[in-house]
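The exercises below are to be worked with the sequence and the coordinates at hand. Each task is followed by its solution.

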Amino acid sequence: MAETLVSIALQQLAKIMEEQVKLVTGVEEDVRTLKSNLQSIQGVLVEAEKKQFENVPIKQWLDNLKDVSYAIDDVLDEWSTAIVRAQTEEDDFSHSWFESQLLQFPFLRQVCSFLPINSCFACTEFGNRYEIARKIKKLNARLDDIAKERKRYTFKLTEGNEEVNKPLVVTSAIDVAEVKGREQDKTAIKKMLMVESGNRSNLQLQVVSIAGIGGLGKTTLAKLVYNDKDVEKYFENRVWVSVSKPFDEVKIAKSILEILTDAASFFNEFETIMQHIQKLVKGKRFLLVLDDVWEDGPSKWERMRDSFTSASLGSSILLTTRDMSVPGNMGCRRDCLFKLGKLSLEDCWSIFSEIAFFQKNNEERGRLEAIGREIVEKCDGLPMAAKTLACLLRSKQSWKEWQSVLDSEVWELDGLWEKGSETQSGFASLWLSYYNMVSELRPCFSYCSIFPKDHEIKKDVLIQLWMAQGYLRQTPAEDMERIGEKYFQNLAAFSFFEELKKDDYGNIISCKMYNIVHDFAKYIRKNECLSIKVDGGEELRTDSLGKEVRHLRVMLGKEVSFPSSIYRLKNLRSLWVQSKGNSMIGAALPNLFSGLTCLRTLNLSNCNIVEIPSTISKLIHLRQIDLSYNKELKELPETLCELYNLQTLNISWCVSLVKLPRGIEKLINLRHLNNGGFEGVLPKGIRRLSCLRSLDRFGIGHDGEESCTLGDMKGLNSLQGYFCIRGLENVADVDEGKQAELKKKTEVSPLELRFGKGDAEWRKSHDGELLDALEPPPYVQELRVYDYQGSTVFPTWMISLTSLKTLLLTNCKACQHLPPLGQLPSLEFLRIWGMDGIKKVGPEFLGTETQSALVVAFPRLIKLRFVRMRNLEGWADEFSIKRTIMPRLRTLSFAWCPKLKAVPDQMLGKATLQELIFTCSPILKQRYQKGTGEDWHKISHIPNIKVWNFGEKRFLKLLEERGLILHS
């Protein structure tokens with residue numbers, strides 16, 4: 001970690017020396033001395049970091065170095081911010097008031113040519129720089145002492161700074177689906193759970209435990225059992241909850257209720273939640289998995305146990321734990337305790353070899369197998385250790401590199417965490433992987449300890465947090481987001497991340513961390529990264545936290561005041577407040593903003609905040625702030641725009657917020673404006689934010705002077721990912737569509753175009769012309785069009801979208817004909833919703849001018865859904881001609897198509913069709929009724945046929961709760 005901080009300080013120094021160091025007399029020499037000391041120290045940090053766990057004085061020396069490095073970074077960042085502020089204020093002055101005066105009084109131009117425009121800022125700027133120069137002198141003295149102390153230790157100098165300059169090799173994770181060596185264990189657990197009622201004890205609720213040391217794979221085994229087909233059939237309800245420490249009974253209860261109801265829970269009172277759970281499990285055979293229970297679990301479990309006794313006989317609790325005292329205290333009998341053992345050497349070798357020899361040829365395998373087996377012996381039967389080391393060695397080709405892992409001193413390091421314990425091999429393998437990473441990856445990994453265990457970590461959010469801490473440095477060739485993506489991929493390849501969740505296009509969107517890996521990350525950061533729970537009672541003492549704390553997560557109980565002692569943690573760089581419905585945080589914000597001025601990232605999501613104080617401008621170092629889900633927040637202060645370093649502003653689902661500060665154009669470093677759910681319009685200053693990478697919603701208002709127009713997005717060509725344009729019905733001049741230059745935003749996808757409600761006659765030509773002007777980027781993969789009122793959704797650019805995979809057309813009520821979508825070569829999912837003007841699906845839909853059997857329509861379509869097609873009656877004759885249509889179709893769905901009489905045999909008879917759904921379509925239901933319908937024989941081969949009859953409003957609410965549609 002010290003290595004990273006020194007590197008960041010040197011990069012800051014280089015920037016300062018290049019741009020502004022000569023502007024303050026006397027500071028130039030101090031800056032050069034600072035740089036020289038840091039460079040001399042940097043060369044020994046590789047060895048010092050490794051020796052700190054054997055040598056307490058070296059660790060203390062590193063801690064002092066980290067402390068000074070943080071301070072240097074703060075001072076230099078303060079200097080850079082002062083420079084940006086002065087430039088921004090000068091630009092505002094010259095571009096607004098000054099120019100307006102010159103227009104009114106031309107003679108002033110001659111007079112003002114003798115005076116510097118920025119003279120009014122010079123004194124303030126000089127004062128700031130003088131104070132910064134004074135701070136640098138003091139830091140130089142501290143660093144000089146540290147540099148001298150270095151000579152007391154016999155550090156080996158890293159030549160050419162080889163560790164820092166080691167290249168990053170981008171690798172991807174290998175998905176090893178098969179779990180090795182646990183089949184017998186799985187069978188044993190299943191027998192304990194699935195005991196016939198005559199053979200089990202009189203206990204209504206049986207508790208089965210999997211206990212063992214970290215790294216054995218307790219969670220993996222529990223998942224094998226949980227997902228087993230026999231278990232799935234045996235239990236009517238199955239619920240999985242990750243517990244960890246502390247045992248939060250309210251959070252656990254809410255998780256159980258949400259899984260049982262398949263919807264978000266709005267209850268916060270524990271007793272109310274448990275009453276609902278009791279009703280839901282009553283009379284049903286129920287399985288609850290409590291993963292990773294610690295010593296604080298049993299006493300709190302007592303409050304929950306009784307609610308589950310209403311379940312049917314045969315219900316079970318399956319828990320995993322490292323603590324052997326937990327099972328008995330949770331009510332687990334000895335015959336239901338399964339002590340998980342270590343894997344055999346051959347099973348460990350199987351795990352190791354599958355990953356380590358991936359893409360290696362037989363010659364390489366033969367050369368490395370013998371030493372590989374010796375390394376596997378070091379794993380001591382821990383599957384996690386075998387997997388971690390295999391991921392490390394996968395990218396190493398030479399025998400020498402493998403031998404260095406085998407001979408590493410880490411295996412016997414006296415200061416290693418839990419040295420001599422059963423888990424030493426697991427921690428040693430993590431340590432080896434950690435120190436074989438390029439140095440840039442290490443702080444990115446250890447920073448993840450700020451998240452709770454088993455937390456689903458959003459990849460994009462994690463990369464933004466890394467940016468905020470200065471761990472990602474932009475290059476001329478790559479921006480920070482791309483570098484962060486590479487770092488994430490490498491950490492996944494090292495097996496530090498698990499449960500990689502992907503979107504429909506194969507992109508990783510989130511991950512989790514193994515519990516033991518999370519413990520290791522916490523160990524790396526030790527007292528620097530902490531999580532605390534505040535339930536009231538005694539005031540939290542600052543000395544109990546320690547001055548080393550830089551990153552803090554605070555879990556506040558309901559109606560508990562924010563601890564005033566936290567205001568004194570002046571060096572905090574990250575603060576994440578989790579409030580649980582606490583309404584008292586707003587009162588703490590003025591003191592928080594005044595006291596914690598070193599913050600780089602601040603998470604106040606879902607904290608019931610009504611107002612943001614103007615003193616937020618004191619957080620001059622702030623890079624990332626999350627204000628999402630503060631539903632009563634009505635406005636943001638103009639002083640927010642004085643946070644010149646701000647990179648990420650998240651105001652998603654602040655539904656009462658109707659406008660943003662007019663001075664937003666000052667946020668010249670803003671890269672991510674997350675405003676999902678924001679119903680207001682954007683100020684015109686947004687057009688100057690050329691750094692923007694993400695902007696969820698671009699709202700167009702009626703007032704062209706105050707709010708954005710389509711033309712204002714012209715310069716936002718760095719946008720990436722999801723992008724929604726709302727209020728297109730407010731565009732007066734359709735030529736603005738071309739001015740937006742949407743086509744140049746090549747990394748936007750999905751793209752969402754919303755035209756707004758209304759069916760005025762003028763909309764038919766207006767919407768058609770505007771849609772034609774809004775040509776998307778050529779490689780867009782997903783397009784969504786809402787409330788379009790043109791007569792046909794067929795702009796000139798539609799068929800040119802050769803990469804389009806998903807197309808959603810919603811409430812295009814005036815359309816008389818469907819566009820020729822069959823020509824789209826990559827289209828996989830098509831949903832057509834609410835086209836009341838369509839009576840028949842005509843031949844144009846297939847998009848083929850010839851009826852030749854050689855021409856394929858919809859060559860890659862997998863899912864086709866028609867929803868709320870109230871006037872659709874049938875299909876053109878072309879659908880009955882023997883030709884190739886939708887050869888890959890797997891899912892076909894019709895909802896609220898009351899007049900539709902039949903579905904083409906060409907579509908129903910496909911061998912690929914796996915799912916057919918009819919919802920509130922009475923004629924179709926009768927025609928294809930099982931056993932009695934006249935055309936039942938045409939669909940009887942389809943494996944999954946669903947007929948739903950619930951109301952439309954209920955269905956729409958269900959889709960919205962599950963995130964399948966957006967509220968509009």
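**Exercise 1.** Which residues does lysine 218 touch, not counting residues up to four places away in sequence?

Solution. The model is predicted, so local features need pLDDT of at least 70 and side-chain atom pairs count only at pLDDT 80 or more, while totals for chains, interfaces and linings use all residues. Residues are numbered from 1 along each chain as its sequence is written, and side-chain values use heavy atoms, with hydrogens and water left out.

Step 1: take contact as heavy atoms within 4.5 Å. Lysine 218 then touches Ile210, Ala211, Gly212, Ile213, Thr320, Thr321, Arg322 and Leu340.

Step 2: Lysine 218 belongs to helix H8 (residues 218-226); helices (H or I, at least four residues) and strands (E, at least two) are DSSP runs, numbered from the N terminus.

Step 3: find its exposure. Buried means under 20% relative accessible area, exposed over 50%, and partly exposed in between (1.4 Å probe, protein chains only). With a relative accessible area of 9%, lysine 218 is buried.

Step 4: check a distance. Lysine 339 is 121 residues away from lysine 218 along the chain, and their C-alpha atoms are separated by 9.7 Å.

**Exercise 2.** At what angle do helices H14 and H16 pack, and how far apart are their axes?

Solution. H14 (residues 345-356) and H16 (residues 383-393) pack at about 20°, and their axes are 8 Å apart.

Step 1: classify the angle. H14 is therefore roughly parallel to H16 (angles under 35 degrees count as roughly parallel, over 145 as roughly antiparallel, 65 to 115 as roughly perpendicular and the rest as oblique).

Step 2: list the contact. On the H14 side are Cys348, Ile351, Phe352, Ile355 and Ala356; they meet Pro383, Ala386, Lys387, Leu389, Ala390, Cys391 and Leu393 in H16. By class, this contact has 11 nonpolar, no polar and 1 charged residues (Ala, Val, Leu, Ile, Met, Phe, Trp, Tyr, Cys and Pro count as nonpolar, Asp, Glu, Lys and Arg as charged, and the others, Gly among them, as polar).

**Exercise 3.** Which residues have the most contacts inside the largest nonpolar core?

Solution. Step 1: define the core as a set of buried Ala, Val, Leu, Ile, Met, Phe, Trp, Tyr and Cys residues joined through side-chain atoms within 4.5 Å. The largest has 127 residues, and Leu290 and Trp466 have the most contacts inside it.

Step 1: find the main contributor. H16 gives the most to this core, with 8 residues.

Step 2: return to leucine 290. Beyond its neighbours within four places in sequence, leucine 290 is in contact with Val241, Val243, Ile252, Trp301, Ile317, Leu318, Leu319, Thr320 and Met330.

**Exercise 4.** How many of the residues of helix H22 are buried?

Solution. Step 1: count. In H22 (residues 515-525), 10 of the 11 residues are buried, so this helix is largely enclosed by the rest of the structure. Among them are Asn515, His518, Asp519 and Arg525.

Step 1: look past the helix end. Lysine 526 is partly exposed, with a relative accessible area of 35%.

**Exercise 5.** Where is isoleucine 832, and is isoleucine 832 buried or exposed?

Solution. Step 1: isoleucine 832 is in strand S22 (residues 829-833). Its relative accessible area is 0%, so isoleucine 832 is buried.

Step 1: isoleucine 832 and leucine 809, 23 residues apart in sequence, are 5.0 Å apart from C-alpha to C-alpha.

**Exercise 6.** Which two residues does a cis peptide bond join?

Solution. Step 1: the bond joins serine 749 and proline 750, with omega about 0°. Proline 750 lies in strand S19 (residues 747-754).

Step 1: glutamate 741 is in the loop between helix H24 (736-739) and S19. Phi of glutamate 741 is positive, near 50°.

Technical notes:
Axes are lines fitted to C-alpha atoms, for helices over the stretch in contact, and angles run from 0 to 180 degrees between N-to-C directions.
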